[in-house]
Amino acid sequence: MTEILNQSNELHRLGKFRKTYTPRAAPGKVMLGSAIFCGLMSVIEFANAISKHLGPPNTIISDRYRQDAILIAAILGAVFFVIAVILSALYYTHKKHHVDLYEHGFVVVTWRGSTSFHWDEIYDLQIMPIYGRSRRPVNWNFTVTRDDGVKAQFRGLEGLESLGRIIEGKIEL
């Protein structure tokens with residue numbers, strides 16, 4: 001209960017809400033689609049292993065081949081399942097990450113929680129470009145540090161360049 005009150009007081013101190021910077025959609029769609037694909041492949045491989053296990057032994061080729069096929073299908077099913085779980089977790093963290101801009105600061109929200117930054121409390125701002133296959137940056141990595149040493153990092157948001165210009169213009173380093 002006190003955490004909710006502290007968060008409410010902090011948002012009140014940051015002033016009027018301006019804008020939310022949400023994650024870019026394309027990486028989320030790729031992660032979700034890949035997670036669904038791997039989940040389906042996991043089900044198919046486990047079903048394949050079960051059907052081979054329940055089926056009669058082959059009389060033409062040795063039973064060792066059937067056992068190997070069962071083991072391979074089970075291992076592939078397990079690998080696809082692990083990849084699907086990892087991609088689902090990455091998708092969840094991607095969707096939970098955003099930055100809320102306020103009149104007197106901003107709040108960085110991740111799946112772990114949120115961290116607020118008042119313009120006067122920012123000690124350091126590091127902006128690093130991330131390059132793809134061209135000389136033009138494809139993304140930006142922002143690291144913000146408060147006076148008390150608390151850090152937050154964000155990247156991959158829609159309109160991140162404009163948020164960076166706003167933060168640079170508001171803080172006095």
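This is a predicted model: local features need pLDDT of at least 70, side-chain atom pairs count only at pLDDT 80 or more; totals for chains, interfaces and linings use all residues.
Two helices pack against each other. Helix α2 spans residues 25–54, and helix α3 spans residues 63–96. Their axes come within 7 Å and cross at roughly 155°. That angle makes α2 roughly antiparallel to α3, because angles over 145 degrees fall in that class. The crossing of the two helices is left-handed. The contact of α2 with α3 draws on 21 nonpolar residues, together with 9 polar and 3 charged ones. Packed helices in general are described by two quantities, the angle between the axes and the distance between them.

The model contains an open sheet of 4 strands. Their order is β1-β2-β3-β4, and the pairing is antiparallel. Strands β1 (17–21) and β4 (113–118) form the edges, and each of them pairs on one side only. From one strand to the next, the twist averages 15°. In general, the strands of a sheet pair through backbone hydrogen bonds.

Within this sheet, β2 covers residues 98–102 and β3 covers residues 105–110. The two strands run antiparallel and are joined by 5 bridges. The link between β3 and β4 is a hairpin of 2 residues.

Another open sheet is built from 3 strands. The order is β5-β6-β7, with antiparallel pairing. Strands β5 (122–131) and β7 stand at the edges. Each has a single partner strand, so one side of each lacks a neighbour in the sheet. Neighbouring strands are turned by 15° against each other on average, direction ignored. Helix α4, residues 160–170, lies across β5, β6 and β7. The helix runs at about 35° to β6.

Strands β6 and β7 run antiparallel and are joined by 5 bridges. T143 has a relative accessible area of 15%. The residue therefore counts as buried, the cut-off being under 20%.

The loop between β6 and β7 (151–155) holds G149. Is G149 buried, partly exposed or exposed? At 47% relative accessibility, G149 counts as partly exposed, because the value lies between the 20% and 50% limits. G149 and Y123 are 26 residues apart along the chain. In space, their C-alpha atoms are 8.2 Å apart.

Methods:
Residues are numbered from 1 along each chain as its sequence is written. Side-chain values use heavy atoms; hydrogens and water are left out. Buried means under 20% relative accessible area, exposed over 50%, partly exposed in between (1.4 Å probe, protein chains only). Two strands pair if DSSP finds at least two bridges between them. Axes are lines fitted to C-alpha atoms, for helices over the stretch in contact, and angles run from 0 to 180 degrees between N-to-C directions. Angles under 35 degrees count as roughly parallel, over 145 as roughly antiparallel, 65 to 115 as roughly perpendicular and the rest as oblique. A crossing is left-handed if the near helix is turned anticlockwise from the far one by less than a right angle, and right-handed if clockwise. Ala, Val, Leu, Ile, Met, Phe, Trp, Tyr, Cys and Pro count as nonpolar, Asp, Glu, Lys and Arg as charged, and the others, Gly among them, as polar. Contact means heavy atoms within 4.5 Å.
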